[in-house]
Amino acid sequence: NAIVTFMESVGPVVILLGSPEAGRVSLATIVRDVCGRCALSDIDVADLERRYVNGYAVASIMPGRSIIEPLRAVGRFDGVESGTLLRFPVRGKPIVATLSASDLGAHDDGDTPPPAVTVTKAQDIELPRQLRMRYVSESHDYEPAEQLSPVRLETDAVNDSDLDIAVVLDDSDAAGVVESLWADAWQSRWRYQIALDRSYIELEPGDALGLPVDDRVERVRVVTVDDSVPLLRRLELVRDDDGAFESYAFVTTPTTARSV
């Protein structure tokens with residue numbers, strides 16, 4: 001992960017951005033500022049220019065990576081090392097390539113061909129039955145508040161997971177974010193490993209692909225790419241539903257979480 005590579009090795013930084021008086025702040029502005037403080041100038045934040053939060057405050061000293069992580073949850077984007085460039089692409093983009101069965105199982109001459117696709121699936125008990133997200137509510141005088149995702153009742157999942165983000169959001173936006181994160185956790189329970197030849201050299205983490213699995217084409221997202229074997233590319237992928245990033249959640253009154 002490029003954020004790990006480039007941001008955990010630098011000194012801690014302090015960022016104070018966004019306030020009730022400042023209005024909406026684009027994620028591009030915040031990420032650009034964080035990267036600048038980490039001495040990173042070769043970045044691409046174009047996808048984040050039209051994604052906004054109503055404020056974001058980091059009051060303690062921490063690495064740049066830790067500052068960006070909560071924004072990734074809100075803005076649904078990744079950090080990708082692309083050559084010497086650090087890119088921040090959003091999720092839910094169109095498929096960049098649809099693979100065929102003949103593309104899969106690449107191997108060196110003389111080696112035993114690997115399986116076309118290796119599939120693993122996380123168990124229900126490893127996944128969140130429900131997700132609770134705490135955030136800063138703009139409509140409730142910038143007090144801490146929380147929104148709940150939908151809940152899976154007929155499942156072996158028993159974990160109710162918590163997520164705390166120091167981001168100022170509209171309550172409706174917060175409801176959409178927590179629903180999206182919960183849906184993506186369940187969708188990405190399916191993981192895939194494949195091997196391709198170097199004709200797919202342009203593929204990068206974050207790219208969406210069409211992958212033939214069990215006589216159907218699944219939409220998947222590239223998580224990691226391993227180029228350690230000459231002439232081969234080994235990819236790890238997760239199932240990816242672009243609909244998971246378009247929320248239909250609605251809010252009446254958020255649950256406030258005031259300190260006492």
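**View 1. Strand β13 pairs with strand β16.** The two strands run antiparallel, and 7 bridges join β13 to β16 (residues 232-239). Strands count as paired if DSSP finds at least two bridges between them. Strands (E, at least two residues) and helices (H or I, at least four) are DSSP runs, numbered from the N terminus. D197 has L232 of β16 as its bridge partner. β13 (residues 190-197) also pairs with β9 (residues 118-121), in the antiparallel sense, over 4 bridges. Here V119 stands opposite Y192 of β13. The model is predicted: local features need pLDDT of at least 70, side-chain atom pairs count only at pLDDT 80 or more, and totals for chains, interfaces and linings use all residues. Residues are numbered from 1 along each chain as its sequence is written, and side-chain values use heavy atoms, with hydrogens and water left out.

**View 2. Two arginines sit over W190.** The charged end of R239 lies over the ring of W190, 3.8 Å from its centre. R189 lies over the face of W190 too, at 5.3 Å from the ring centre. A charge sits over a ring if NZ of Lys or CZ of Arg is within 6 Å of the ring centre and within 35 degrees of the ring normal.

**View 3. Strands β10 and β11 form a hairpin.** β10 (residues 128-137) and β11 (residues 143-148) run antiparallel, joined by 6 bridges. R134 has E146 of β11 as its bridge partner. The hairpin has 5 residues between the strands, and D141 takes a positive phi near 55°.

**View 4. An open sheet has the strand order β3-β7-β6.** This sheet of 3 strands has mixed pairing. Its edge strands are β3 (43-44) and β6, and each pairs on one side only. β6 and β7 run antiparallel, with 3 bridges between them. S82 stands opposite L85 in β7. Strands of a sheet pair through backbone hydrogen bonds, either parallel or antiparallel.

**View 5. F77 and F88 form an aromatic pair.** The count of aromatic pairs comes to 1. F77 lies in the loop between α3 (64-75) and β6 (80-82), whereas F88 lies in the loop between β7 (85-87) and β8 (97-98), 11 residues apart. Rings of Phe, Tyr and Trp (its six-membered ring) pair if their centres lie within 6.5 Å; planes under 30 degrees apart count as stacked, over 60 as edge-to-face and the rest as tilted. F77 is buried, at 1% relative accessible area. F88 also counts as buried, at 1% relative accessibility. Buried means under 20% relative accessible area, exposed over 50%, and partly exposed in between (1.4 Å probe, protein chains only).

**View 6. Helix α2 has a buried face.** In α2 (residues 27-37), the buried residues are L27, A28, I30, V31, V34 and C35. Seen down the axis of α2, these residues fall within an arc of 165°, so they line one face of the helix. The arc is that of the directions from the helix axis to the C-beta atoms. Just after α2, A39 takes a positive phi of about 65°.

**View 7. The whole chain holds 4 helices and 17 strands.** Of its 260 residues, 43% are buried. Among contacts between residues at least 6 apart in sequence, 72% join residues at least 24 apart. Contact means heavy atoms within 4.5 Å.
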